[in-house]
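Please read these notes with the structure open beside you.

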Amino acid sequence: MKKTIALGLLAVSLGACDKLPFLNGPASPQRKAGLWEQSAQSEMSATPMVSQACYDAASDRRSPILPRKPQPGGRRQCDKFDVSKNGADYVIDSVCGFGAASPVKITLHAVISGDFNAKYTVTNNITVQGAPDPSRNGAHKSVITATYKGDCPPDIGPGQVKLPTGEVVDMAALRNRFGVGGGGRGGGGGGGGGGPPR
């Protein structure tokens, strides 16, 4: 279960598609093109889960650092969804649920800071309510650190990510696997999580 949680963190860190506009918030910063190593650490996992993602300009637009607001009528519905800037940092505050499909509600406060040409961090403070698994409820903290590593290797193309398992997948496929759309939770972006906790 810990590995599933960590992979879910990675999925939501990859943000959302570029077809949804940013609304009433700052423009998303752009990553430097190339290979980014992402380390996801939370109290649910004793060791960080490390992945690698390759970005060019197009894949950075498709998977922006800042989240997109979920569309009305989608799987994830938010009572609150604010993206703002505090000095050099970006701040995401959201309260999201999953409609009639789930009683789960996720409250998020995320801070994204750093140099998007070299290294940035996403600190997520999340409170989960209504999860069928009681261990998922309550307050949780995770930190995702992304570090620029240079040119992408031959086995990871633009828009692809190498998972901690060694599997290389398209970012869109990873987001779909974990039910993420219209905004991520962090690392890429905050927004209230992917699919409802089980």
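**Notes on the disulfides and a serine**

1. The torsion about the S-S bond of C54 and C152 is about 100 degrees, so this disulfide is right-handed. Its two cysteines sit in distant parts of the chain, 98 residues apart: C54 belongs to strand β2 (residues 49-55), and C152 to the loop between β7 (138-150) and β8 (160-162). The model is a predicted one, and in it the sulfur atoms of C54 and C152 are 2.1 Å apart.

2. How accessible are the two ends of this bond? C54 has a relative accessible area of 2% and is buried, while C152, at 27%, counts as partly exposed.

3. The structure holds two disulfides. The other joins C78 and C96, with 1.9 Å between the sulfur atoms. C78 lies in strand β3 (residues 77-86) and C96 in strand β4 (residues 89-97), 18 residues apart. With a torsion of about 95 degrees about the S-S bond, the C78 and C96 disulfide is right-handed.

4. C78 is partly exposed, at 22% relative accessible area, and C96 is buried, at 1%. Numbered in sequence order, the bonded cysteines of the chain pair as 1-4, 2-3.

5. S28 is found in the loop between α1 (2-13) and β1 (34-42). Why does S28 count as buried? Its relative accessible area is 17%, and buried means under 20%.

6. Which backbone atoms does the side chain of S28 reach? The backbone nitrogen of L66 is at 3.0 Å from the side chain of S28, and the backbone nitrogen of I65 lies 3.2 Å from a polar atom of that side chain.

Key. Residues numbered from 1 in each chain as written. Predicted model: local features only at pLDDT ≥ 70, side-chain atom pairs only at ≥ 80, totals over all residues. Heavy atoms only, no water. Helix = DSSP H or I, 4+ residues; strand = E, 2+ residues; numbered from the N terminus. Buried < 20%, exposed > 50% of the residue type's maximum accessible area, 1.4 Å probe, protein only. Polar contact = N/O pair within 3.5 Å; in protein donor to acceptor, adjacent residues only side chain to side chain. Disulfide = S-S within 2.5 Å.
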